[in-house]
There are 2 protein chains.
Amino acid sequence: MREAFHSDLETIRGNLIEMCTQVETAVRDATTALLDGDLATAERVIAADVHLDELQVDIDEMAVDLLARQSPVATDLRVLVSALRMSSSLERAGDLAEHVALIVRRRHPDPVLPEADRADFERMGELTVAAIHDAAAVIAERDLELAAQVEKRDAEIDDLMQSVYGRLASQGESYSAAQITDLTLLGRFYERMGDHAVSLVRRVGFLVTGSTLDPRSVATDVEVI
Amino acid sequence: MREAFHSDLETIRGNLIEMCTQVETAVRDATTALLDGDLATAERVIAADVHLDELQVDIDEMAVDLLARQSPVATDLRVLVSALRMSSSLERAGDLAEHVALIVRRRHPDPVLPEADRADFERMGELTVAAIHDAAAVIAERDLELAAQVEKRDAEIDDLMQSVYGRLASQGESYSAAQITDLTLLGRFYERMGDHAVSLVRRVGFLVTGSTLDPRSVATDVEVI
């Protein structure tokens, strides 16, 4: 019974890692679509989001089923509750990658990014991909040193968003209104994806260290602009 | 034992309703601060957010404690899992109200809203306050007709956001870059608060009707612009 239970927990962990992999691909593809104005890649991101939703359903059903059948306590209970939270974070991060792709599709064949903003978004994409990639490793191996790396990448994403917003404010005359709206939302979307990566690794940290599930320690949203 | 358990469930429900009340106040105050450029009210919203965070901690600790001690199954289990999700939604909606107040504080003493956009944001604020107010009643009384009302209000908020975004695109020359950034984010923040109200009532709907916790039925985020 215990062995079957722990095998089920491993399945849930595997599904969470699979969600990370799919989110990583979604962010990478959405960023490529954004940088290259590539409609086919944007469409692929949009179409793929349903798989993330399905994985979330699988994880949640399995977690609730285990809660009902096994009545776990202590660490096992906290692992299951954390899995429910992590699947939400990953589903939401996938939505945000889809939102990036939707902006690319809406503007196509016009490019979304002015030349001056390309480098910042390319870097934000790389950092977000790396943050989600590392989050998967933290979930797999509970390596809290890697978790610190995710926090660092998130802080860099925040700085880049502020850099984009600063350029919009100081050089507004060189942008159209539609560009400012797009860049504002895109900056926000990457910032939030970084936040979700941080939430994931902080939840693993709670499980490892046994500290509370205090949402104040999970919240990472920065003040925008 | 069962009676004590159901009394605990009622306490959780009461705390969720209290969170709704506090979010409702936060949205109302943030909107007043936005319309009047009222710094003191904005500061109050920012300072009050910690109480919402504390309520979420209380609800989550109580829910996890009940899961551990009572090993609930069937409906009781689903009620507890839903409570964990609803407390997240409410905490996040409170953050978004705080974000509105932070924009007011950042621009003070300059007003954030151009005259042309006042009416739309006043109405978005009213609709969001009403949606959260109704969500509280749905949680208290499980009145699914009222839930339909929340969905309708959310759709109206989405339309108003699109109206603001449309005006930014068509009359961009009458806005500064900073105004476009602010209005883009503000529209998004109200849109997301409306989404959270809808998520709340859909979760109650699942409990009443016994249907699944499929996140595809809870997701409400609209494509922006």
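Where is the place of Val81(B)? Select Val81(B): its place is in helix H3 of chain B, helices here being DSSP runs (H or I, at least four residues) numbered from the N terminus. Val81(B) counts as buried because its relative accessibility is 1%; buried means under 20% relative accessible area, exposed over 50% and partly exposed in between (1.4 Å probe, protein chains only).

The model is predicted: local features need pLDDT of at least 70, side-chain atom pairs count only at pLDDT 80 or more, and totals for chains, interfaces and linings use all residues. Residues are numbered from 1 along each chain as its sequence is written, chains are lettered from A and ligands numbered from 1 in the order in which they are written, and side-chain values use heavy atoms, with hydrogens and water left out.

**Stop 1: where the chains meet**

Show chain A and chain B together. In contact (heavy atoms within 4.5 Å) are 45 residues of chain B and 44 residues of chain A. The size of an interface is often given as the accessible area lost when the parts come together. Here the buried area is about 3,900 Å², with 64% of it from carbon and sulfur atoms; this is the accessible area (1.4 Å probe) that the two parts lose on being put together, summed over both.

Next, select Asp60(B) and Arg85(A). Their side chains meet in a salt bridge, 2.6 Å from N to O. The term stands for a side-chain nitrogen of Lys or Arg within 4 Å of a carboxyl oxygen of Asp or Glu. Between chain B and chain A the count is two salt bridges.

Now colour chain B by element. Helices H2 (39-70), H3 (74-107), H5 (144-170), H6 (177-209) and H7 (215-218) of chain B each give two or more residues to the side that touches chain A. H3(B) gives the most, with eleven residues. By class, this side of chain B has 24 nonpolar, seven polar and 14 charged residues; Ala, Val, Leu, Ile, Met, Phe, Trp, Tyr, Cys and Pro count as nonpolar, Asp, Glu, Lys and Arg as charged, and the others, Gly among them, as polar.

**Stop 2: the axis**

The same surface serves both copies, as 98% of the contact residues of chain B recur in chain A.

**Stop 3: salt bridges within chain A**

Over all chains, the whole structure has 34 salt bridges. Select Arg92(A) and Asp95(A), a salt bridge with its closest N and O atoms 3.3 Å apart. The two are separated by about one helical turn because they are three residues apart in helix H3 (residues 74-107) of chain A. Arg92(A) is buried at 15% relative accessible area, and Asp95(A) is buried at 9%.

Move to Asp134(A) and Arg153(A), where the closest N and O atoms of the salt bridge are 3.0 Å apart. Asp134(A) lies in helix H4 (residues 115-141) and Arg153(A) in helix H5 (residues 144-170) of chain A, so the pair ties together parts 19 residues apart in sequence.

Last, select Arg192(A) and Asp195(A), whose salt bridge has its closest N and O atoms 2.9 Å apart. Both are buried.
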